[in-house]
Amino acid sequence: MRREFPLDLLQAQRDWYTTYRLLAEARGTQIAALRQRLQRLSVRIAAHPHWTTLLDGPAARMELKQQAWCAAAAGSAPSAGGTP
């Protein structure tokens, strides 16, 4: 059974992966802006209220990452229920 995550949380994790890839390829003045974006996304993900509703936080965070990664790799936006 796949866990359901809020769409904004899935999108933030997907944006995190996109930003990380861009940072790996960045040159010059882009680097600072991408680092700041990555930091803001990290805070948004870690502080999301959804985490307070779970007993198995670490396992849920790994599942979020997996679902967002699959959605990003497929080039699609995450949908309700976490189905890529």
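Q: Is W16 buried, partly exposed or exposed, and why?
A: This is a predicted model, in which local features need pLDDT of at least 70, side-chain atom pairs count only at pLDDT 80 or more, and totals for chains, interfaces and linings use all residues. Residues are numbered from 1 along each chain as its sequence is written, and side-chain values use heavy atoms, with hydrogens and water left out. Buried means under 20% relative accessible area, exposed over 50%, and partly exposed in between (1.4 Å probe, protein chains only). W16 has a relative accessible area of 22%, so W16 is partly exposed.

Q: How are the rings of W16 and Y20 arranged?
A: The structure holds four aromatic pairs. W16 and Y20 form one of them, at 5.2 Å centre to centre with 10 degrees between the planes. Rings of Phe, Tyr and Trp (its six-membered ring) pair if their centres lie within 6.5 Å; planes under 30 degrees apart count as stacked, over 60 as edge-to-face and the rest as tilted. The W16 and Y20 pair is stacked.

Q: Why are W16 and Y20 separated by about one helical turn?
A: Both sit in helix α1. Helices are DSSP runs (H or I, at least four residues), as are strands (E, at least two), numbered from the N terminus. The separation is about one helical turn because W16 and Y20 are four residues apart.

Q: Which aromatic pair links distant parts of the chain?
A: One partner, Y17, lies in helix α1, and the other, W69, in helix α3, 52 residues apart. Their rings are edge-to-face, at 4.9 Å centre to centre and 80 degrees between the planes. Y17 is buried at 12% relative accessible area, whereas W69 is partly exposed at 44%. The linking pair is Y17 and W69.

Q: Which residues form one aromatic cluster?
A: W16 and Y20 are stacked. Y17 and W69 are edge-to-face. One cluster holds W16, Y17, Y20 and W69.

Q: At what angle do the axes of α1 and α3 cross?
A: Axes are lines fitted to C-alpha atoms, for helices over the stretch in contact, and angles run from 0 to 180 degrees between N-to-C directions. The axes of α1 and α3 come within 9 Å. They cross at roughly 65 degrees.

Q: Which residues of α3 make the contact with α1?
A: Contact means heavy atoms within 4.5 Å. From α1, the contact uses L9, L10, Q13, R14, Y17 and R21. From α3, the residues are L64, K65, Q67, A68, W69, A71 and A72.

Q: Which helices do the buried residues of α1 pack against?
A: The buried residues of α1 are L9, L10, A12, Q13, R14, D15, Y17, T19 and L23. They pack against α2 (30–46) and α3 (57–74).

Q: Which residues does T19 touch, not counting residues up to four places away in sequence?
A: T19 lies in helix α1. T19 is buried, with a relative accessible area of 3%. T19 and L34 are 15 residues apart in sequence and 6.5 Å apart in space, C-alpha to C-alpha. T19 touches L34, R37, L38 and L41.

Q: Which residues does H48 touch, not counting residues up to four places away in sequence?
A: H48 is in the loop between α2 and α3. At 11% relative accessibility, H48 counts as buried. H48 touches P6, D8 and L9.
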